[in-house]
Amino acid sequence: MTTKIRPAIEARGITRRFGAVAALNGVDLAIEPGRVTALLGPNGAGKTTFVNLVLGRDRPDAGTLTTLGANPGSATARRGSGVMLQAAALVPQLTVDEHLRLYAGYYGAATPDPKLLARLGLNPLAQRRYGTLSGGQQRRVQFALALCGNPALLVLDEPTVALDAESRRLNWAAIKEQAAAGAAVLLTTHLLEEAETLADRVVLMSAGRIIADGTPHAIRARVAEQRIRCRSRLTIAEIQQLPGVLSANRETDAVVLRTNDAETALRGLLALDPTLSDLEVARASLEDALDSLLQREAA
Amino acid sequence: MNAMTTTIASDSYPMTALQVYFREARAELVRAWRTPAFALPTLLMPLAFYCLFGLLFAGSNADTARDLLAGYGILAALGPSLFGFGAGIAADRDNGILALKRVSPLPPGAFLAARLACALVFTLIVLLCLYALAAGAGGVTLPAATWLTLLAIQLTSVLPFCLLGLCIGLSTGSSAAMALTNIAFASLAVLGGLWMPLSLFPTWLQDVAIGLPTYHLDCLALAAVRGHATTGTLVHALATAGFIAAFGGFAWRAWAAATR
């Protein structure tokens, strides 16, 4: 707690407007080394806008932002960053090996780390031209280029879009290794499974603002929501009157209700309906938790 | 194990900026070479038309073969420069190749230098083949200094054409840039007098040539092969410098706007 580690990305009061729309609205965010931070949110939340600012592809209208202590997009910042963009292509006529050598050279290494190809399962593809690879294999090569400079900051914009299961597993392992080796990893995703599996910290964004920030577990705990599913003769209106019930819906022949106090809600339910059957109580998934947070934000 | 040790050992030698520029240029050349739609017309078209008009139709007239060598050498530079920069950069902008290079530590200058080097190498290959054809089959004999002057002029013409291509490639999307590049290529080649002598055109069309860099470069190359420079030659040289400055200025602004 006493050692102060300099953040890899430091954003203070970042605002970026496109016309009347604020894609980012007063965002304060510090991304620390040694952990994976996931920017999570629906499309249009401002995740990619933030990434573009971090990479110097765009400039904020207000606020200050440093990447690796330097100006975003400066030679210093670029030298320490490995990047995988959402919509990127590589030269179809060059082989995997040629790409890796080229990009390793950008980072000052005459040859790429020979272990990198093996880590990403790319050895059998090394002599193949990029244009002949499948979509998942191409994304793995793009990921290898992001890693080939052994970057202090790894920025991945929607890294598992268009990935097959094997590529996803290999990429996830490599992302965790890179963070364990001390790199700051920033990734954007709208996949909750990805954020939950990978991230040490989840930053939830909506409409250009950060609305929650914590471990995946803490985000879930913050809403402490549970889901009760059962068959009941009660009407939805009756269930919604019960103490502790946030919402209730009918799903085919069952009733699904959300609660922040399952014990109280269950007592009420059982008291009113002794015939209640097929009872299931589950902790809400992260997805439900985020839905709930986003709804409260919108309300 | 042995290979591994060697690789790790070479890792410890940091890359110099010059090496990064060199590797980028080499990769660009490999890419162009493996793209038949670019390499074949770029390499073969000027040679084929020179054989046709400069050698066959000229009927072993060494003077015609010599004069047409001037124009076809400029044409040899026009193809790889315009298409590599105009259509090529627009395509790289559209598909995200440029975006990834821009966020990588590659110096922005290396990206452009690699394309310039690629255009220069392709032009040089065609020029050497053209000269061999002219000397071997066309009976063209020139003093060594004249060959070198011709080479210098024709290689220099790569610069204004690349800058013009860069303006096109940075200002529109890839399909529009392809169309624009084709239009620019055809009009610069034909109206500039590279394809056939301007004297075959009506006078008003001949006047258009004065506004084209290809015309002035052709005149410079012609003056070189004929071995007599006039005051007009100086005007053509100044006009060429003007085109380089103008295209350079526009390209600079387009680059700044595209990479802001």
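Me: How many residues of chain B are in contact with chain A?
Reply: 28 residues of chain B touch 28 residues of chain A, where contact means heavy atoms within 4.5 Å. This is a predicted model, with local features needing pLDDT of at least 70 and side-chain atom pairs pLDDT 80 or more, while totals for chains, interfaces and linings use all residues. Residues are numbered from 1 along each chain as written, chains are lettered from A and ligands numbered from 1 in written order, and side-chain values use heavy atoms, without hydrogens and water.

Me: What area is buried between them?
Reply: About 2600 Å², with carbon and sulfur atoms giving 60%. That is accessible area (1.4 Å probe) lost when the two parts are put together, summed over both.

Me: Which residues form the salt bridge?
Reply: B:Arg34 pairs with A:Glu98, their closest N and O atoms lying 2.9 Å apart. The rule asks for a Lys or Arg side-chain nitrogen within 4 Å of an Asp or Glu carboxyl oxygen.

Me: New topic: which residues of α10 in chain A are buried?
Reply: In α10 (residues 262-272), they are A:Ala262, A:Ala265, A:Leu266, A:Gly268 and A:Leu269. Buried is under 20% relative accessible area, exposed over 50%, partly exposed in between (1.4 Å probe, protein chains only).

Me: Why do they line one face?
Reply: Down the axis of α10(A), the buried residues fall within an arc of 160°, so they share one face. The arc uses directions from the helix axis to the C-beta atoms.

Me: What's exposed on the other side?
Reply: A:Arg267 and A:Ala271 of α10(A). Helices (H or I, at least four residues) and strands (E, at least two) are DSSP runs, numbered from the N terminus.
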